[in-house]
Amino acid sequence: MKEKVNMRHAVAIHLRGIKELHKVSPKFFPVLTLHCIVNAVTPYITVFFSAQILKELASLRRDDILWKWVVASVLGVGIVTILKAVLWRRYQTLLNDLWGRKEILFIHKMFSLDFSEMDKQSNHDHRIQIRQNESWSGWGLMKVQEVYEHLVTGVIGMLSGIVLTISLFASPVPDTAGWLTVMNHPLFILIMGILMVGVSILAGKFTAASTKCWSEFAEEAAFGNRLFEHFGFAGTQKERSIDIRMNDQQRLISTYWAKDVSFGVMGPFNKMAQGKMGIYASLGVCITTIITGFIYVFTCLKAWGGAFDVGSITQYVGAATAMVDNIFALTGLIGVLEANTGYLEKTFEFLDIPNTMYQGSLTTEKRSDRRYEVEFRDVSFQYPGSGIWALRHVNMKFKVGKRLAIVGENGSGKTTFIKLLCRLYDPQEGQILLNGIDIRKYRYDDYMNIFSVVFQDFQLICQPLGANVAGSMHYDRNRVQKALVDAGFGERLASMEKGLDTMLYKKLSEDGVEVSGGEAQKIAIARALYKDAPFIILDEPTAALDPIAEAEIYGKFDKIAGDKTAIYISHRLSSCKFCDEIVVFHEGKVTQQGTHTSLVADTKGKYFQLWNAQAQYYTE
Ligand code: ADP
């Protein structure tokens with residue numbers, strides 16, 4: 001059973017929603033407000049003019065007056081209709097734009113999070129859930145604009161209705177009307193008023209109860225959407241197509257469609273619509289229809305008794321019905337407000353994830369001599385929520401301008417070491433020092449700028465080749481060209497008609513070029529070279545290559561790296577034997593350190609053991 005929603009909290013959280021949406025689209029709410037005002041008063045304008053014409057027709061039938069009303073009516077209704085159409089168009093355009101713009105909030109959040117938060121699976125799941133809530137019925141941030149629209153239209157419509165309906169109650173039936181004079185009695189008027197408002201509220205409450213059923217099924221919907229996203233689009237993912245075809249996965253996938261899926265004909269949502277939810281919704285609508293009948297009887301009886309002429313019946317029935325409809329809609333809106341509160345809480349929980357990483361203010365002075373010295377002092381680290389030490393008591397000092405290799409079996413902590421060095425995470429114990437100062441004390445962006453890293457799972461994006469290398473649309477073409485040539489991509493670049501402007505991959509551009517894994521890796525290396533940072537790190541970007549090819553690339557890279565401090569990571573020892581210093585990681589600890597010759601001479605060490613185990617595959 002869901003807890004009762006606190007109304008103050010529901011209103012406050014929706015106001016915050018308006019504020020957030022206003023931030024990304026400042027024109028949206030002013031236009032929406034105008035659209036709502038015009039929408040709310042339009043029915044009354046039509047009712048008002050037709051009532052005047054009818055009144056004249058039913059009474060004096062003066063030609064000149066009738067003509068004036070007809071012209072005024074055509075003009076009035078015409079202008080309002082045009083205004084309504086223009087505002088509706090503008091509102092729709094801004095609304096479509098808002099669907100995209102609100103993503104800015106999430107993108108900014110995701111990209112400004114501490115990396116450790118950004119990397120957490122739970123935060124990714126959280127974001128996906130927000131998206132799924134939105135896609136199954138617009139719940140969350142976008143529902144806020146819907147609530148706002150109905151609220152403004154409802155309040156203005158209701159107030160205009162009340163103003164126009166007052167004289168329906170206030171116009172007395174003449175004494176000659178016999179028993180009908182009972183309608184003049186204040187008690188009768190009070191009871192009638194309460195009845196109309198009360199029953200509209202009751203009808204709205206039924207609709208609200210119907211709407212609330214959605215939130216009872218929120219988890220089911222989220223799960224249903226998750227399955228749908230996973231299985232529904234399996235065929236559209238190119239990278240999965242070979243596996244699906246070769247392993248007959250299509251059968252597994254179609255099993256999903258064979259079941260009663262959440263949103264299917266026999267699924268829980270359809271059942272809910274046919275049950276409680278449908279009954280409540282129908283009751284709400286039935287009750288408003290009954291009140292409309294009631295209003296007709298009351299208005300006609302008053303006209304029959306002589307309180308006003310026949311022409312006014314249209315005005316009063318129109319106004320009173322619109323008023324009742326608006327009260328009904330406003331009460332129903334409470335249900336939407338309550339149901340959406342939980343979804344908004346989820347949204348803001350995500351947008352409010354705090355950044356806890358310490359942000360220092362020192363600059364990493366750009367030293368022309370590139371003399372940066374890094375030291376790991378008794379560093380230990382666990383991934384958030386893991387409970388296992390990925391690194392334990394690591395001590396190490398880099399010699400500037402040298403070639404450092406980090407070797408070890410898979411899972412020994414090599415990548416984690418690099419992640420800490422680049423401050424993607426902070427260690428729980430110990431310190432990492434740059435020129436003797438804890439790296440936490442430097443400005444984060446500044447510190448990041450001294451590293452160029454090519455990770456194993458590097459990613460290029462569907463943008464022109466040159467922009468990929470430079471990480472920007474505006475760049476120094478000569479330098480990008482040189483970086484690509486140095487990385488071994490020169491020949492391929494020469495064969496590209498559009499050169500640096502060649503679009504990578506075909507996902508976003510028909511004339512895009514699909515590059516092979518090896519070519520992509522060269523582009524990634526060129527990107528690291530273009531950054532021209534004092535530290536350059538290769539974290540097994542060559543894992544897909546054979547050991548000899550990897551050793552060749554590492555050897556070549558050694559020349560390109562020049563006076564930079566280069567760090568090479570590999571689980572293949574042969575690739576790194578040329579390095580000045582080799583550090584051996586084992587189960588998160590540094591177990592050995594030295595040159596290849598000294599390490600291989602220690603026949604009891606891990607390095608010797610690994611060297612021999614691997615050597616048999618490729619030395620002879
Ligand atoms: P290597 O680069 O030597 O293959 P890693 O540094 O990637 O090893 O991993 C070291 C240990 O940390 C492994 O036990 C691995 O399972 C764990 N690990 C790596 N990344 C994460 C992560 N994001 N969350 C939790 N544990 C991780």
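Student: Is K564 buried or exposed?
Tutor: K564 counts as buried, at 8% relative accessibility. Buried means under 20% relative accessible area, exposed means over 50%, and partly exposed is in between, with a 1.4 Å probe and protein chains only. Keep in mind that this is a predicted model, in which local features need pLDDT of at least 70 and side-chain atom pairs count only at pLDDT 80 or more, while totals for chains, interfaces and linings use all residues. Residues are numbered from 1 along each chain as its sequence is written, and side-chain values use heavy atoms, with hydrogens and water left out.

Student: Which residue does K564 form a salt bridge with?
Tutor: The partner is D532, and the closest N and O atoms are 2.9 Å apart. A salt bridge here is a side-chain nitrogen of Lys or Arg within 4 Å of a carboxyl oxygen of Asp or Glu. The pair links distant parts of the chain, 32 residues apart: K564 is in the loop between α20 (547-560) and β8 (565-570), and D532 is in the loop between α19 and β7 (535-539). Helices (H or I, at least four residues) and strands (E, at least two) are DSSP runs, numbered from the N terminus.

Student: And D532, what is its relative accessible area?
Tutor: It is 36%, so D532 is partly exposed.

Student: How many salt bridges are there in the whole structure?
Tutor: A search finds 22. One of them joins R477 and D501, with the closest N and O atoms 3.2 Å apart. R477 sits in helix α17 (residues 477-486) and D501 in the loop between α18 (490-494) and α19 (517-531), so this pair ties together parts that are 24 residues apart in sequence.

Student: What about accessibility for R477 and D501?
Tutor: R477 counts as partly exposed at 39% relative accessibility. D501 is also partly exposed, with a relative accessible area of 41%.

Student: Which residue meets R440 in a salt bridge?
Tutor: The side chain of D438 does, at 3.4 Å from N to O. D438 counts as buried because its relative accessibility is 9%.

Student: New topic, the ligand. Which residues surround the ligand?
Tutor: The shell holds D119, Y383, A390, E409, N410, G411, S412, G413, K414, T415 and T416. A residue is near a molecule if one of its heavy atoms lies within 4 Å of it. Helix α14 (residues 414-421) gives the most to this shell, with three residues.

Student: How does the shell around the ligand split by class?
Tutor: There are two nonpolar, six polar and three charged residues. Ala, Val, Leu, Ile, Met, Phe, Trp, Tyr, Cys and Pro count as nonpolar, Asp, Glu, Lys and Arg as charged, and the others, Gly among them, as polar.

Student: Where are the polar atoms that lie by oxygen atoms of the ligand?
Tutor: A polar backbone atom of G411 is 2.7 Å from an oxygen atom of the ligand, and one of S412 is 3.1 Å from a ligand oxygen. From T415 a polar side-chain atom lies 2.8 Å from an oxygen atom of the ligand. Taken alone, the ligand exposes 560 Å², and the protein buries 60% of that. Those accessible areas come from the Shrake-Rupley method with a 1.4 Å probe.

Student: How is the protein divided into domains?
Tutor: Domain 1 covers 7-351, and domain 2 covers 373-460 + 515-618. These bounds come from an automatic or database domain assignment. The C-alpha centres of domain 1 and domain 2 lie 58 Å apart.

Student: What does the side chain of T288 reach?
Tutor: The backbone oxygen of V285, at 2.6 Å. T288 lies in helix α12 (residues 276-305) and is buried, with a relative accessible area of 7%.

Student: Back to loops. What is phi of E587?
Tutor: E587 has a positive phi of about 45 degrees although it is not a glycine. E587 lies in the loop between β9 (581-586) and β10 (589-594), and it is exposed, with a relative accessible area of 62%. Y505 is another residue other than glycine with a positive value, its phi being near 65 degrees. Y505 is found in the loop between α18 and α19.

Key:
A polar contact is a pair of N or O atoms within 3.5 Å; within protein, one must be able to donate a hydrogen and the other to accept it, and residues adjacent in sequence count only if both atoms are side-chain atoms.
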